[in-house]
Amino acid sequence: MRRSIQIRGASIFQIKWGKHFSEPFHVSNGVRQGGVLSPYLSAVYLDDLSNELNNIKAGCYIGEVLLNHLTFADDICVFCPSVRWLRRILDVCQVYAESHGFIFNKTVCMTFKAESAKSTATPVLKLGGQYVKSVDQYKYLRILLDTELSDDKDIRRQLRYQYCAANKLRASFSRCSNAVKNVFLRSFCTPMYASQLWCNFRKSCMQRLRVACNFGCRALYNLPWRASVSSHQVQCNIPSFEALLRKYKYLFLARCKKSNNVWLRALMQSDCLYSSLFLEHYNRILLCE
């Protein structure tokens with residue numbers, strides 16, 4: 001603790017504008033962007049807010065475990081099946097912010113409502129006296145979320161990345177040896193961000209992503225368009241598109257089952273998991289259907 005206070009007291013910053021720097025100045029509040037300790041210090045600072053939100057006893061329940069907010073660093077996500085209690089949660093957040101000397105950024109505060117047959121009206125919510133805008137689509141950590149809870153838009157995001165990465169690799173490394181190409185293909189084309197969560201999508205959308213992955217392999221290795229990509233992947237020890245999906249899905253579920261997080265542990269032991277689209281798709285790809 002003494003070391004943390006010393007680091008904060010000795011922090012000196014400068015602002016860079018082009019080739020010019022401002023005069024050095026001290027910063028006595030906030031945490032450093034990208035600092036190793038910043039997420040942990042923020043968690044300590046918001047711990048009391050988390051306790052107050054849990055004491056409301058309103059939100060989503062996984063068995064007997066309450067879940068009405070998630071926090072990490074400066075991001076706070078609150079959710080509740082009732083608009084009335086969601087307003088109460090936002091009021092608690094605003095009171096805590098006023099008493100602890102920080103301000104919520106109203107420009108990035110927004111509501112996101114999943115489609116429901118019971119309610120089609122957009123809830124009217126306020127935070128700090130200002131209305132919170134409602135959106136039908138939101139991008140968080142490169143993952144595209146929409147009110148229909150469909151993964152098609154996120155798959156199309158990965159589709160564009162696959163073509164972009166394949167064309168860049170072909171333009172820069174098409175004359176390299178196969179050993180070098182294997183390394184680049186594994187590094188830039190096989191990672192599929194957030195593919196572990198894909199479970200609600202159209203088959204045609206996933207088929208286009210499969211074609212894009214095969215295009216990247218053909219383009220980098222200068223294979224004929226009618227050549228078998230699968231046989232070349234086996235020879236180069238590169239996982240196929242289906243094998244990648246199975247691997248990422250399996251590792252993600254295995255990590256969730258081993259997690260000590262209270263909410264994840266409750267979810268892994270609840271009936272919600274076994275009736276979800278996530279597990280249905282997981283079982284389907286394991287059986288190669």
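**Close-up 1. Glu280 and its partner Arg284 in helix α12**. In this predicted model, Glu280 is partly exposed, with a relative accessible area of 45%. Its salt-bridge partner is Arg284, and the closest N and O atoms of the pair sit 3.7 Å apart. That falls inside the 4 Å cut-off, so the contact counts as a salt bridge. Arg284 comes out as partly exposed too, at 28% relative accessibility. Both residues belong to helix α12 (residues 277–286), and because they are four residues apart there, about one helical turn separates them.

**Close-up 2. Asp154 and Arg157 within helix α5**. Here the two side chains meet in a salt bridge, 2.9 Å from N to O. The spacing is three residues along helix α5, so Asp154 and Arg157 are about one helical turn apart. Buried or exposed, these two? Both Asp154 and Arg157 are buried, which means each has under 20% relative accessible area.

**Close-up 3. Asp152 reaching a loop residue, Arg202**. The side chains of Asp152 and Arg202 form a salt bridge at 3.1 Å, N to O. Asp152 lies in helix α5 (residues 152–173), while Arg202 is in the loop between α6 (178–188) and α7 (203–221), so this pair ties together parts that are 50 residues apart in sequence. Asp152 is buried, with a relative accessible area of 8%, whereas Arg202 is partly exposed at 45%. For the overall tally, a search of the whole structure turns up four salt bridges, this Asp152–Arg202 pair being one of them.

**Close-up 4. The hairpin of β13 and β14**. Strand β13 (residues 137–140) pairs with strand β14 (residues 143–146) in the antiparallel sense, over four bridges. Which residue of β14 is the bridge partner of Tyr140? Look for Ile143. The hairpin has two residues between the strands, and Leu141 takes a positive phi near 50 degrees.

**Close-up 5. A nonpolar surface patch around Leu37**. Val36, Leu37, Tyr40 and Leu41 make up this patch, which covers about 450 Å². Leu37 is found in the loop between β4 (25–26) and α2 (38–45). With a relative accessible area of 47%, Leu37 is partly exposed. Patch residues need over 30% relative accessible area, a value that Leu37 passes at 47%.

Note on methods: Residues numbered from 1 in each chain as written. Predicted model: local features only at pLDDT ≥ 70, side-chain atom pairs only at ≥ 80, totals over all residues. Heavy atoms only, no water. Buried < 20%, exposed > 50% of the residue type's maximum accessible area, 1.4 Å probe, protein only. Pairing = 2+ DSSP bridges. Patch = residues over 30% accessible without salt bridge, like charges linked within 9 Å, V, L, I, M, F, W, Y side chains within 5 Å. Areas by Shrake-Rupley, 256 points an atom, 1.4 Å probe, with all protein chains shown as cover.
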